[in-house]
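Here is a colleague's note on the model you are about to see. Please keep the structure open while you read the points.

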Amino acid sequence: MPLPAPFDRLRLPVIGSPLFIVSGPELVIAQCKAGIVGSFPALNARPQSQLDEWLHRITEELAAHNRDNPGRPAAPFAVNQIVHRTNDRLEADMMTCAKWQVPLVITSLGAREEIFQAVRGWGGITMHDIINDRFARKAVEKGADGLIPVAAGAGGHAGVLSPFALMQEIRAWFGGLVALSGSIGHGRSILAAQALGADFAYIGSPWIASSEANAPDAYKQGIVESDAAGIVYTNLFTGVHGNYLRSSIEAAGMDPDNLPVSDPSKMDFGSGGNTKAKAWKDIWGSGQGIGPVKEVAPVEATVARLEAEYRTAREELAAKAAL
């Protein structure tokens, strides 16, 4: 099925996933100019009034880019909304998104019919994070246009199911847009996501090690120096299971191999749960697919690398099919 406008003009079938604290206007604009969907969590804009400033800047800079580059327009951008009872900004943030008619709204930690209807009302598209088939069905029943299956190995809050199993179950009944998340850091993996039935690869952790990311240098270098074995899956820091850099846990004075289990009823997405170390600020999220990230680089350079790897993988697959 062909992708709907404006997603039919992407350089690569990639959505840059929203990264708490890390994703800001600089990263999003660079991603969109490079030809992939850029996104950020609405909660990254603090205070709430800053969200209007960010959306103004993103909209204006991408419009200027499109005027100057009619043959290579920017990709659309997305805003992530945490649809959870602890988010007391949701209504105000949605009103701001409506003002700027955000093309894509990504919802997480809850599926709400009125949110999906509101986005559809201004002509936008919604995609919802899910970790299993049951949550996928609930999201679609409530009106989500697309799904983001968060498979094992994804950065931050992640599921435990294999992408093979998750995509197989979803594509058995759902024909809408799907962006597959989980350990995607190489162009070959983008092609693999498409082979599994996804429309997009949903990539997060590699962008942390980009020049435009709002991340400490130590965090960026931690991504460069780590690999799949350097990722720890735990619910200690927020009450929800997620993947984190082992090196950041060690730097906080904890043993990554002997972490206690947190009380899921005490979810705390911003401060650090039951520890003095704060999730995202001190304990750094990362997925398992960071092995190909060998240096801190501008977004354009990383997109170019992914594109070259993707094209090579397609050519190699075509050659094998011809045998």
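1. Asp257 has 55% relative accessibility, so Asp257 counts as exposed. Exposed means over 50% relative accessible area, buried means under 20%, and partly exposed is in between, with a 1.4 Å probe and protein chains only. Arg246 is partly exposed, at 22%.

2. A word on what you are looking at. This is a predicted model, in which local features need pLDDT of at least 70 and side-chain atom pairs count only at pLDDT 80 or more, while totals for chains, interfaces and linings use all residues. Residues are numbered from 1 along each chain as its sequence is written, and side-chain values use heavy atoms, with hydrogens and water left out.

3. Asp257 and Arg246 are partners. Their side chains meet in a salt bridge at 3.1 Å, N to O. The term stands for a side-chain nitrogen of Lys or Arg within 4 Å of a carboxyl oxygen of Asp or Glu. Arg246 lies in helix H9 (246-251) and Asp257 in the loop between H9 and H10, so the pair ties together parts 11 residues apart in sequence. Helices here are DSSP runs (H or I, at least four residues), as are strands (E, at least two), numbered from the N terminus.

4. The structure holds 13 salt bridges. Another of them joins the side chains of Arg57 and Glu26, at 3.0 Å, N to O. Arg57 sits in helix H2 (residues 49-68) and Glu26 in helix H1, so this pair ties together parts 31 residues apart in sequence. Arg57 is partly exposed at 32%, and Glu26 is partly exposed at 40%.

5. Glu307 and Arg311 form a salt bridge through their side chains, at 3.3 Å, N to O. Both lie in helix H10, 4 residues apart, about one turn of the helix. Is Glu307 buried or exposed? At 16% relative accessibility, Glu307 counts as buried. Arg311 is partly exposed, at 46%. Salt bridges with shared partners join Arg11, Glu300, Glu307 and Arg311 into one network.

6. Turn to the interior. In soluble globular proteins, nonpolar side chains tend to be buried together. A nonpolar core is a set of buried Ala, Val, Leu, Ile, Met, Phe, Trp, Tyr and Cys residues joined through side-chain atoms within 4.5 Å. The largest one here has 47 residues, and Ile190 and Trp207 have the most contacts inside it. Elements giving two or more residues to this core include helix H1 (25-34), strand E8 (177-181) and helix H10 (299-322). H10 gives the most, with 5 residues. A second, separate core has 23 residues, among them Ala42, Leu62, Ala74 and Val102.

7. Trp207 deserves a look. Not counting residues up to four places away in sequence, Trp207 touches residues including Leu27, Gln31, Val299, Thr302 and Val303. Contact means heavy atoms within 4.5 Å. Thr302 lies in helix H10 and is buried, at 9%. Leaving aside neighbours within four places, Thr302 is in contact with Trp207 and Ala297.

8. How do H1 and H10 pack? Their angle is about 40 degrees, with the axes 9 Å apart. That makes H1 oblique to H10. Leu27, Ala30, Gln31 and Ala34 of H1 meet Val299, Glu300 and Val303 of H10. Axes are lines fitted to C-alpha atoms, for helices over the stretch in contact, and angles run from 0 to 180 degrees between N-to-C directions. Under 35 degrees is roughly parallel, over 145 roughly antiparallel, 65 to 115 roughly perpendicular, and the rest oblique.
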